[in-house]
Amino acid sequence: MKDFLIIIDSFKNSISSSDIGKFFASELKNSDYFPISDGGEGFLDVINQIVQTREVKFIIDDLNFHKRKVKVLIDYKDNAYLESSDIVGYKFINSKNIFERSSFGIGEILIKLNDINISNLYIGLGGSAVSEMGLGILNALGAKFFDKNRKTISHPLIKDVFKIDNIDLSSLQKINYKIHIVNDVTNPLLGKNGANFIFARQKGASEKDIEKLEESFKYLYKLLLPYINDNKDAIGDGSAGGLGFLFKHFFKASYHQGSDFILSLIDFDRLKDNYKYIITGEGTFDDQSLNGKIVGTILNRVDEDKVLIVCGINLSPRNKNIYSLIPNYVSDVKESMANPLKYLRKAIEDIKRDIS
C-alpha cells in the first residue's frame, strides 16, 4: 500500500492540476498523482496524461470567426476528445459584445470528424465564452434560417434571433458517431438558475444584456421545440451558454459530470484502496465543492478520515483535514495566486507533520 494518491483540481488563474499533482508527488514520497478537469481549460492535457492518444489538428473558426488551429485527441478505442474552450474560450474574446460570439467552429469540427473513424466524441464544455444555444453549430451543420418574408438569413448570431421566423433543419448534416458532453454544470437552460442569469455575467454581459439574452433564448427555444424529442431531463442544459441543451436534445448526447468522468478513466474505485490517504482540493473550497465537484465526489466514495483537502481559500463551514493557503500560510490573495508553490510547500509540511 502506498501513502498518497493525489488528485487536486487546478487553482483557477494560478496553477494547473497537473503542476499541482507533480509538485505534491515530488514532495511526498511513496505517492502517485492524476490531474483532474471538469471539462474546461486543461481537459485535453488531463486526457493526454491518463489515456494513450494520437493528435489530429484542424483549422476552424473561433468564437469571433478568426481561423484557429485546434487539436483533437483520439485513443486506441477510436474515442475522440475535444476541448471546446480551444474554440469558444475566453482567451479568444476580441469583442466585448457577447451577442456577436458564435459556436460555429464547433460545428465545423463535428463535420470534419465525420471523415475520421471514431465511435465516440467526448467534448469538454467548460470555459465557454459564448451564450447562444448552439445557433452557430446549427448554422455550420446546414440549418437554414428564414425571416418572415421567407428570405434566407445567412450566418445568424444571437443578436439576430428575433429576425428569424422559421428554421429548417431538414438538411442538417448527420453525425456518424456518439457525442458525450463533459462538464460540472448542472443548471437548466432557462430561468434564474439557468445559462444566462448564472453564467452570462462572467462572460461580460451586463444586467440588461442578461435580460435580452434570456428573451432571445426563450424565442429560439420555441422555434426549435418541434425538433425536440425529449426535454424532461434538464440537467446540464445550461452549460456552455446552452450548448448542453443542443447536444443533449438534438444530438442525443450523454451528459457526464466532469469529476465522475475523469475518476472513471483512472479506475478510481479500484485504486483508492491501494493508498492510505487521498489528497484532493481546488482553488476555492465552498459548499458547491461538495455538489458534483471533485472534492465532493471523492468524499462520497472514500472514508472521510482518509481524505485530505488542500485549497487556496476555504469558504465552507467544513474544517476537518483542510489545508487552506489563506489565511494559514498567506493573507494576500494575489500573492498566493502569484506564488502558489511557495505556500503549497507549507501545506505539505503540515500534512507530513499531521500524519507522522
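In the predicted model, Ser 259, Asp 260 and Leu 263 of helix H9 meet Ile 294, Thr 297, Ile 298 and Arg 301 of helix H11, where contact means heavy atoms within 4.5 Å. Helices here (H or I, at least four residues) are DSSP runs, numbered from the N terminus. By class, this H9–H11 contact holds three nonpolar, two polar and two charged residues; Ala, Val, Leu, Ile, Met, Phe, Trp, Tyr, Cys and Pro count as nonpolar, Asp, Glu, Lys and Arg as charged, and the others, Gly among them, as polar. The axes of H9 and H11 (residues 294–301) come within 8 Å and cross at roughly 55 degrees. Those axes are lines fitted to C-alpha atoms, for helices over the stretch in contact, with angles running from 0 to 180 degrees between N-to-C directions. H9 and H11 are therefore oblique to each other, given that angles under 35 degrees count as roughly parallel, over 145 as roughly antiparallel, 65 to 115 as roughly perpendicular and the rest as oblique. H9 passes H11 in a right-handed crossing; a crossing is right-handed if the near helix is turned clockwise from the far one by less than a right angle, and left-handed if anticlockwise.

As for the ground rules, residues are numbered from 1 along each chain as its sequence is written, and side-chain values use heavy atoms, with hydrogens and water left out. Since this is a predicted model, local features need pLDDT of at least 70 and side-chain atom pairs count only at pLDDT 80 or more, while totals for chains, interfaces and linings use all residues.

H9 (residues 258–265) also packs with helix H2 (residues 43–50), at an angle of about 20 degrees and with the axes 10 Å apart. H2 and H9 are therefore roughly parallel to each other, and H2 passes H9 in a right-handed crossing. Phe 43, Val 46, Ile 47 and Ile 50 on the H2 side meet Phe 261, Ile 262 and Leu 265 in H9. This contact comes out as seven nonpolar residues, with no polar and no charged ones.

Next come H1 and H14. Helix H1 (residues 17–27) packs with helix H14 (residues 340–355) at about 45 degrees, their axes 11 Å apart, and the two are therefore oblique to each other. Their crossing is right-handed. From H1, Ile 20, Phe 23, Phe 24 and Glu 27 meet Leu 341, Leu 344, Arg 345, Ile 348, Ile 351 and Lys 352 of H14. Sorted by class, the H1–H14 contact has seven nonpolar, no polar and three charged residues.

Two spots in the backbone are worth a look. The peptide bond from Ile 326 to Pro 327 is cis, with omega near 5 degrees, and Pro 327 is found in helix H12 (residues 325–328). Ala 240 has a positive phi of about 55 degrees although it is not a glycine; Ala 240 sits in the loop between helix H7 (207–224) and helix H8 (243–250).
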